[in-house]
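Hello,

Here is the structure I promised to pass on. Please open it first, then read the notes below.

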Amino acid sequence: MAYKLGDVILSRETIARRVKEMAEQIAKDNGTENNLTFVGILTGAAFFLTDLVREMPENMDVKVDFMSVASYGDGTESSGVVRIFHDLKSSIEGKNVIVVEDIVDSGLTLSHLLGLLQNRNPASLKVCVLLDKYERRKTEVKVDYCGFRIPDKFVVGYGLDYAGKWRHLKDIKYVVEE
Ligand code: IMP
């Protein structure tokens, strides 16, 4: 089956406005004396994370690190057992960590990843996702900051891909059958 781009679900302006609000909320919750490490999950979340951290106040102590993980699965469903391809550069022990993910779907990947990170003894561990496909959840994940709750339909753009394609779109769009 071939797929093509469908309608816009979230425009670039809507995304930018919400990302700014989320950054303001994170800044308010954490205070300037609290150093924060944003951990982006590659590749999708890199787009969201770079916009998010640039909205943080200048006087805040903000660090950025990335991790690349893949979940073992049958290709369409994630199993939740994650393999680390690229680990963090710095230790998170004693740090206030915010994991940044593009989308939470079944929740299996994120919940396994949080288990791994918790074992490294951060001072705190929070989760920030741009999109939440809440209808698909198979395991409970505590999402501290969520951009948008969306229906159970495949979306691309602003970092999200379909088979490696369409990450570069400025808006988030549906994918439809051709
Ligand atoms: P899960 O929460 O373990 O099921 O997996 C979440 C991952 O599935 C995300 O990091 C995305 O890579 C991928 N994913 C889920 N839904 C979509 C979508 O609509 N578009 C693009 N990727 C998606």
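Among contacts in the chain between residues at least 6 apart in sequence, what percentage join residues at least 24 apart? The figure is 66%. Contact here means heavy atoms within 4.5 Å.

Two notes on the source. This is a predicted model, in which local features need pLDDT of at least 70 and side-chain atom pairs count only at pLDDT 80 or more, while totals for chains, interfaces and linings use all residues. Residues are numbered from 1 along each chain as its sequence is written, and side-chain values use heavy atoms, with hydrogens and water left out.

Now the fold. The chain has three helices and nine strands. These are DSSP runs, numbered from the N terminus (helices: H or I, at least four residues; strands: E, at least two). Along the sequence they run β-α-β-α-β-β-β-α-β-β-β-β. The radius of gyration is 16 Å, close to the 16 Å from the globule rule for 178 residues, so the chain is as compact as a globular protein of that length. That radius is taken over C-alpha atoms, and the rule is 2.2 Å times the number of residues to the power 0.38. The C-alpha trace spans about 50 × 35 × 25 Å along its principal axes.

Next, burial. Of the 178 residues, 42% count as buried. Buried means under 20% relative accessible area, exposed over 50%, partly exposed in between (1.4 Å probe, protein chains only).

Gln25 counts as partly exposed because its relative accessibility is 34%. Its C-alpha atom is 11 Å from that of Leu52, 27 residues away along the chain.

Best wishes
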